[in-house]
Amino acid sequence: MGCGFSLQSVLGALSEVARPLSSGLATSTSPNEDVGGGSGGETLYETLPDGAEPFQVRNVYDGDTLTLIDERRVRFLGIDTPELKEQQPFAAEAKEYTKGYCHKKEIYLLQDGTDHYDRVLGHIFVKTEDGKYLCVNEGIVEQGFAFAYIPNKDSKPFNWQKLVDLQAGARSAKRGVWSDFEDSDVVATANGAAYHLRTCEHISKIKNLTELKVSQATDRGLHPCRTCIT
């Protein structure tokens with residue numbers, strides 16, 4: 001699940017090479033016609049970004065983690081899916097989404113180093129039936145089965161704002177983890193990447209907190225604290 005990442009080096013290459021169906025990196029957040037049944041045009045690209053390499057997948061561990069046939073484990077950048085072990089809502093759906101596109105199939109991996117668990121970090125692309133390329137990291141957020149996630153504000157992936165926009169679209173359409181969403185009050189620290197309940201033990205000694213709504217926090221790219229918000 002959580003990890004550090006940065007992919008600024010491919011920003012220029014992706015904007016030139018990985019062209020979405022509309023010009024540039026699209027920012028549309030219109031909902032899909034069929035939740036869980038494919039992704040809208042804003043997550044599809046006509047070509048792969050420079051540096052994306054083909055690999056065969058042995059199995060899918062959960063919504064944001066898979067294992068290649070060479071036994072390396074891959075952690076998806078910029079997202080976080082519900083935990084299977086903790087039986088969190090939509091964890092199974094998140095795994096099924098990723099499994100449907102990746103399990104025992106060929107993927108294209110845009111790598112960006114490893115995390116402290118020695119997992120490869122990157123963006124996953126798969127070829128669709130119409131010959132386009134789906135960014136699975138983006139598609140699963142669009143479907144509402146993953147949160148946009150960074151461990152700290154200095155580790156934003158190249159498509160961070162797009163992930164945040166896709167998340168806002170999923171929230172507005174009440175898809176997946178957002179299906180029963182009701183806005184509520186939370187707090188955030190000045191430099192943290194998460195939002196918290198005011199009673200959270202991690203912020204009990206912090207005086208300068210910002211009060212905001214969950215919708216405002218997620219639109220700023222903050223993710224829910226794993227301790228106080230489940």
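Student: How many helices and strands are there in the protein?

Tutor: This is a predicted model, in which local features need pLDDT of at least 70 and side-chain atom pairs count only at pLDDT 80 or more, while totals for chains, interfaces and linings use all residues. Residues are numbered from 1 along each chain as its sequence is written, and side-chain values use heavy atoms, with hydrogens and water left out. With helices (H or I, at least four residues) and strands (E, at least two) taken as DSSP runs numbered from the N terminus, the protein has five helices and 13 strands.

Student: What percentage of the residues of the protein count as buried?

Tutor: A residue is buried under 20% relative accessible area, exposed over 50% and partly exposed in between, with a 1.4 Å probe and protein chains only. By that criterion, the buried part of the 230 residues of the protein is 51%.

Student: Which residue just after α4 takes a positive phi?

Tutor: The helix itself ends at residue 173. Just beyond that end, a positive phi of about 55° is taken by Lys174.

Student: Where in the protein is Ser215 found, and is this residue buried or exposed?

Tutor: Ser215 belongs to helix α5, and leaving aside neighbours within four places in sequence, Ser215 is in contact with Arg171, Phe181 and Asp183.

Student: How many residues line the largest pocket, and how do they divide into nonpolar, polar and charged?

Tutor: A pocket is an open set of points on a 1 Å grid over the protein atoms alone, with protein on both sides within 12 Å along at least five of seven lines, and its lining residues have an atom within 4 Å of a point. Phe147, Tyr195, Pro224, Ile229 and Thr230 lie nearest the centre of the largest pocket, while β9 and β13 (223-224) each supply at least two residues of the lining. Ala, Val, Leu, Ile, Met, Phe, Trp, Tyr, Cys and Pro count as nonpolar, Asp, Glu, Lys and Arg as charged, and the others, Gly among them, as polar. The lining has 28 residues, which divide into 17 nonpolar, five polar and six charged.

Student: Is Thr65 buried or exposed?

Tutor: Thr65 lies in strand β3 (residues 65-68), and, not counting residues up to four places away in sequence, its contacts include Val60, Val74, Phe76 and Arg119. Because its relative accessibility is 1%, Thr65 counts as buried.

Student: What distance separates the C-alpha atoms of Thr114 and Val74?

Tutor: Thr114 is in strand β6 (residues 106-114) and, at 47% relative accessibility, counts as partly exposed. Leaving aside neighbours within four places in sequence, Thr114 touches Arg119, Val120 and Leu121. Thr114 and Val74 are 40 residues apart along the chain, and their C-alpha atoms are separated by 8.7 Å.

Key
The expected span of a helix is 1.5 Å times one less than its number of residues. On a 1 Å grid over the protein atoms alone, a cavity is a set of points where a 1.4 Å probe fits but cannot get out, and a pocket is an open set with protein on both sides within 12 Å along at least five of seven lines; lining residues have an atom within 4 Å of a point. Contact means heavy atoms within 4.5 Å.
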